[in-house]
Amino acid sequence: MIKFLLLGSNAAIVIFFTVFCAGNALLGDYFSSSDFIYNAETAYIEELRAFVQKESIPATDTSRLGEWAHKKGISHFTISRNRILIYDSTYSDTVILGQTEAEALHYNWQYFHSVLFSDGAADVYIYANYEMKYYILFYTFDAILSMFIWIILFALGIRKEVKYIQQLSYSVTQIELGSLNSEIPVKGTDELGTLAHGLDQMRLTLIEKEENEKQMKAAQDKLVLGMAHDLRTPLTGLMTFLEIAKKQQLLRECVNYIDKAYAKSTQIRDLSNQLFEFFLINSEEQPMKLENSEYLEYALGEYLSELCGLLEMDGYQIAIDRLYWESVQIQICTDYVGRIIDNLVSNIKKYADRTVPIELSAEYSESYAAITIRNKSAQANQYVHGTGIGVKNIHTMMAQMNGICNVRIEPDYYSIMLSFPIIVSKNTASDT
């Protein structure tokens with residue numbers, strides 16, 4: 001806009017002075033070559049004649065003639081005879097009669113009027129700025145014309161920007177109405193271009209947010225549907241066993257079906273706990289706080305020992321030949337790691353083959369320290385169903401600890417790798 005203002009002002013100034021010079025020349029030529037000034041003097045000449053005749057004033061009575069000219073607002077008043085100046089209103093000194101010639105008499109002679117004074121006739125020239133009002137009108141017109149041209153040039157210059165602003169306004173209205181696929185045009189790198197880029201990024205963010213919400217809703221719908229199915233299966237079995245138990249006559253046979261019903265109740269409890277944990281983790285508004293960094297062995301060793309102990313108590317064998325510790329430090333949330341171990345134990349008890357050892361191993365890179373748990377999958381039966389909600393919980397908790405959870409499913413084996421970002425490497429620790 002500053003550029004258009006400067007261009008418009010420069011053009012207006014050039015036009016103003018061009019018209020000013022040309023108009024002054026034309027007006028000056030008209031006033032000098034026409035009878036305008038001569039005719040404009042006529043009214044003053046008639047008043048002077050009446051005044052001179054009434055008062056019997058001679059041409060040499062310069063004081064009374066000067067007072068008259070001053071009262072009439074005459075800017076230039078001369079009296080001469082035979083081109084010899086008698087009186088000139090522009091002179092402050094007294095004019096010596098018959099001995100003074102004025103150069104102006106040679107330029108203004110065509111405007112002279114003959115007036116009969118008491119001491120004889122004399123040539124009179126009267127000038128009262130007759131043409132000044134025309135010059136003022138012309139200068140006003142010239143200024144208005146230049147300002148108008150300035151405004152026109154500025155308006156034409158910013159017309160493109162105004163149209164662009166209208167485009168942005170229309171695009172914002174479309175976004176407000178919910179049409180997020182209407183792309184916002186980004187033109188240039190000025191303030192409007194930056195604004196358009198920001199609006200387009202906002203549009204893309206809204207699209208991404210809307211898509212994420214759709215995906216989240218679809219995932220939740222799928223989760224709820226899967227959980228409803230998984231809860232219905234053991235619940236049906238529970239009700240069946242309870243109905244059979246009610247019909248039994250002997251306590252021994254009744255206890256057998258009660259044990260089966262208890263197993264189904266445990267299955268339902270585990271599913272409901274996982275579902276509760278899933279929504280609890282995803283609905284936590286407060287940012288999760290990590291513990292101070294400590295060496296990997298001390299951070300995870302106790303939890304892995306607990307995992308091994310729980311599995312061994314249930315009849316599983318553990319292979320830790322490839323589990324070793326390096327001097328690297330990580331940060332964890334103890335609450336989340338405890339939940340992860342519980343999920344892993346629950347999943348292994350459900351799906352792992354008891355006859356094949358559970359393998360624990362460690363891997364290290366420049367940025368991550370990873371713990372992998374690998375087991376052989378047991379043959380599925382009619383009572384084993386899975387929604388994957390436990391693994392989803394592990395993924396979410398690892399992500400909130402800035403870690404990564406990778407799952408690998410092979411024909412006979414299942415493995416899950418938990419990768420924790422390294423805060424202090426062994427090289428840094430040794431240098432310290």
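A crossing of two helices is left-handed if the near helix is turned anticlockwise from the far one by less than a right angle, and right-handed if clockwise. The model shown is predicted; local features need pLDDT of at least 70 and side-chain atom pairs count only at pLDDT 80 or more, whereas totals for chains, interfaces and linings use all residues. Residues are numbered from 1 along each chain as its sequence is written, and side-chain values use heavy atoms, with hydrogens and water left out.

**Figure 1. Packing of helix 8 against helix 9.** Helix 8 (residues 296-313) passes helix 9 in a right-handed crossing. The two helices pack at an angle of about 25°, and their axes lie 10 Å apart; axes are lines fitted to C-alpha atoms, for helices over the stretch in contact, and angles run from 0 to 180 degrees between N-to-C directions. Helix 8 is therefore roughly parallel to helix 9 (angles under 35 degrees count as roughly parallel, over 145 as roughly antiparallel, 65 to 115 as roughly perpendicular and the rest as oblique). From helix 8, Leu300, Tyr303, Leu304, Leu307, Leu310 and Leu311 meet Thr334, Val337, Gly338, Ile341, Leu344, Val345, Ile348 and Lys349 of helix 9, contact meaning heavy atoms within 4.5 Å. These residues comprise 11 nonpolar, two polar and one charged; Ala, Val, Leu, Ile, Met, Phe, Trp, Tyr, Cys and Pro count as nonpolar, Asp, Glu, Lys and Arg as charged, and the others, Gly among them, as polar.

**Figure 2. Packing of helix 9 against helix 10.** Helix 9 (residues 334-351) and helix 10 (residues 389-400) pack at an angle of about 155°, with 10 Å between their axes. The pair is therefore roughly antiparallel, and helix 9 passes helix 10 in a left-handed crossing. Helix 9 contributes Tyr336, Arg339, Ile340, Asn343, Leu344 and Asn347 to the contact, while helix 10 contributes Gly390, Val391, Asn393, Ile394, Met397, Met398 and Gln400. By class, seven residues of this contact are nonpolar, five polar and one charged.

**Figure 3. Tyrosine 351 in helix 9.** Tyrosine 351 is partly exposed, with a relative accessible area of 28% (buried means under 20% relative accessible area, exposed over 50%, partly exposed in between, with a 1.4 Å probe and protein chains only).

**Figure 4. Lysine 187 in the loop between helix 5 (132-176) and helix 6 (191-247).** With a relative accessible area of 45%, lysine 187 is partly exposed. Residues up to four places away in sequence aside, lysine 187 touches Tyr164, Gln167 and Gly193. Histidine 197 is 10 residues from lysine 187 in sequence and 8.7 Å away in space, C-alpha to C-alpha.

**Figure 5. Positive phi values at serine 56 and asparagine 402.** Most residues other than glycine have a negative phi. Serine 56, in the loop between helix 2 (36-55) and helix 3 (62-71), has a positive phi near 55°. Asparagine 402, in the loop between helix 10 and strand 10 (404-409), has a positive phi near 65°.

**Figure 6. The chain as context for the close-up views.** The chain has 11 helices and 11 strands; helices (H or I, at least four residues) and strands (E, at least two) are DSSP runs, numbered from the N terminus. Of its 432 residues, 34% count as buried. Among contacts between residues at least 6 apart in sequence, 69% join residues at least 24 apart.
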